[in-house]
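Hi,

Here is the structure I promised to send over. Have a look at it first, and then read on for what I found in it.

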Amino acid sequence: MTRPGGPNPLQGVTLERIVTRLAAFYGWEELARRVPVRCFQYDPSVSSSLKFLRRTPWARARVEGLYVETVRRQPEVADLD
């Protein structure tokens, strides 16, 4: 995986890992505030979020963008699990 600040923080990181790390770092409530989609707002889970994000390109792009922004500001997020 490319380290934070490198050319592409998404390289080698699965969508599942992105959602898991963002949920661990922000919590579901804050994640829902930053990316307001139902899968984060009501009865959130990694499984339901993955199903939705894989079918919804605009939402996936927002989540990936938040991850990149977060990793660049808080490099320790890349190591959460």
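Let me start with a question: leaving out residues up to four places away in sequence, which residues does Glu64 touch? They are Leu10 and Ile18. Before going further, please keep in mind that this is a predicted model. Glu64 itself is found in helix 5, which covers residues 57–73. Another pairing you can check is Glu64 with Leu15: they are 49 residues apart along the chain, and their C-alpha atoms are separated by 8.1 Å.

Now the overall picture. The protein has five helices and zero strands, so the radius of gyration is the next thing to look at: at 12 Å, it is close to the 12 Å that the globule rule gives for 81 residues, so the protein is as compact as a globular protein of that length. If you want a box for it, the C-alpha atoms fill roughly 35 × 20 × 20 Å along the principal axes. Of the 81 residues, 36% count as buried. Taking contacts between residues at least 6 apart in sequence, 60% join residues at least 24 apart.

Helix 4 (residues 46–55) is worth a click. Ser49, Leu50 and Leu53 are buried there. Why do they lie on the same side of helix 4? Because they cover an arc of only 100° around the axis. Turn to the other side of helix 4 and you will find Lys51 and Arg55, which are exposed. As for what covers the buried residues of helix 4, that includes helix 1 (15–26), helix 2 (28–34), helix 3 (38–41) and helix 5.

Helix 2 also holds Arg33. Is Arg33 buried or exposed? With a relative accessibility of 56%, Arg33 is over the 50% cut-off, so Arg33 counts as exposed.

Cheers

Notes
Residues are numbered from 1 along each chain as its sequence is written. This is a predicted model: local features need pLDDT of at least 70, side-chain atom pairs count only at pLDDT 80 or more; totals for chains, interfaces and linings use all residues. Side-chain values use heavy atoms; hydrogens and water are left out. Helices (H or I, at least four residues) and strands (E, at least two) are DSSP runs, numbered from the N terminus. Contact means heavy atoms within 4.5 Å. Buried means under 20% relative accessible area, exposed over 50%, partly exposed in between (1.4 Å probe, protein chains only). The arc is that of the directions from the helix axis to the C-beta atoms. The radius of gyration is taken over C-alpha atoms; the globule rule is 2.2 Å times the number of residues to the power 0.38.
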